[in-house]
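Colleague: I would like to learn how to read packing around a helix. Please show me the model.

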Amino acid sequence: MTKQRRIVLGVTGGVAAYKAAELTRLMVKAGWQVDVVLTEAGAQFVGPVTFQALSGRPVYTQLWSPDVSNGMAHIQLTRGADALLVAPATADLIAKAALGLADDLLSTLISARDCPLLIAPAMNRQMWENAPNLRNIAQLESDGVAILGPDAGDQACGEVGLGRMLEPEELMLHLEASFQPKPLAGRRVLLTAGPTFERIDAVRGITNSSSGKMGFAIARAAWEAGAEVTIIAGETAQVTPPGCRRIDVLSAQEMLGAVESEVDDTDIFIAVAAVADYYVLNPSEQKIKKDAHILTLELAPNPDILARVATRDKPPFCVGFAAESENLLEYAEAKRKRKHLPLLAANLVQNAIGADDNEVILLDDSGETRLPHGPKLDVARKLIAHVAQLYGKGKTK
Ligand code: CTP
């Protein structure tokens, strides 16, 4: 059983307060306990009853609340909490937090907290760019506070620019990331994901079955672990995890080109893409018309992107994937040796493609590690922990 998360959500006076209601719902849906603290201005936008109904718990609005048994809400609430998130956070709250002012329940909680503080600013673009606000943000960042966003886009005031609060779904991803250890802080991770597509003509091509789910789950897990992540993605509908750079490509040749232009200064390279083994030698510019004859396509082998990276002069720590349909361990270990990989993740093809779950066996110089069957994100987090451990050992040698 994993421990239930406890979050304190501070809601201040911005129109984005309505999104804090949805955020509360998502947190409760995730099985977390949410204590909402509403400032006086926040309550002008969304009333306490809404948050009370969504969280199923009392909502705190005042420093001097007679409902708290010892009258110490400002201390009690964050004790044992996993995080204090302020969303939306106004310029006023940000200024108070940067200065350490404590004149209402939320600002006092911030001063007296013993858990991580995350702040999701929401304000007009000019307020965001106001020099004192940017100074306050820089101060909070240097104090170790996580600043989430803001986003750019249409604003409630009709202007367009930076200052929108991140969407609730994205705030959830940041919160979940804040619970994860950071063994890859400061490391650069480059990743290939999804299938490649090799053109036959203007509308057709050869591709592999690959949803991209595993690759994107690993990208997210690497970002959660503190890494700077770049994904070289074949055609996939997967949403880019926050904090990850994404470069879209189509063919294996394009994927190789993108990897080669990004690989310098990379610490860890993880090849998850299902790269087509062959490309069509002379693809047609125009759509090929069907007739009664047999159509023969001439195919030439694609470059092995992973093997190219692994055999560079100073290769990054390279991780490969092997999807096999039989003799899993034997074939996978042979592949690991052939491609000069310190680590390879092996799985049975029929278990993986398009599914939300996966089961992999990790092979490295010290043997095999079986990761338990589970959701791809859980598998990805365990894989990243293993990568970080091996990478760390290599660095201390
Ligand atoms: N890979 C790559 N470039 C290729 C082919 C594969 O980078 N042209 C990477 C994949 O991303 C994966 C690993 O190499 O990490 C898979 O190895 P591969 O030899 O392609 O496996 P299979 O295609 O399963 O090989 P085989 O057909 O020999 O079983």
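Colleague: What do the buried residues of helix 13 pack against?

Modeller: Contact means heavy atoms within 4.5 Å. By that test, the buried residues of helix 13 pack against strand 16 (317-324), strand 17 (343-348) and strand 19 (361-364). Helices (H or I, at least four residues) and strands (E, at least two) are DSSP runs, numbered from the N terminus. This is a predicted model: local features need pLDDT of at least 70, side-chain atom pairs count only at pLDDT 80 or more, and totals for chains, interfaces and linings use all residues. Residues are numbered from 1 along each chain as its sequence is written, and side-chain values use heavy atoms, with hydrogens and water left out.

Colleague: Which residues of helix 13 are buried?

Modeller: Buried means under 20% relative accessible area, exposed over 50%, partly exposed in between (1.4 Å probe, protein chains only). In helix 13 (residues 328-338), L328, A332, K335 and R336 are buried. They cover an arc of only 100° around the axis, so they sit on the same side of helix 13. The arc is that of the directions from the helix axis to the C-beta atoms. On the other side, E330, K337 and R338 are exposed.

Colleague: What follows helix 13?

Modeller: H340, with a positive phi near 60°.

Colleague: Which residues of helix 5 are buried, and what covers them?

Modeller: In helix 5 (residues 91-99), A91, L93, I94, K96, A97 and A98 are buried. Their cover includes strand 3 (83-89), helix 6 (105-112) and helix 8 (131-142). Just after helix 5, G100 has a positive phi of about 80°.
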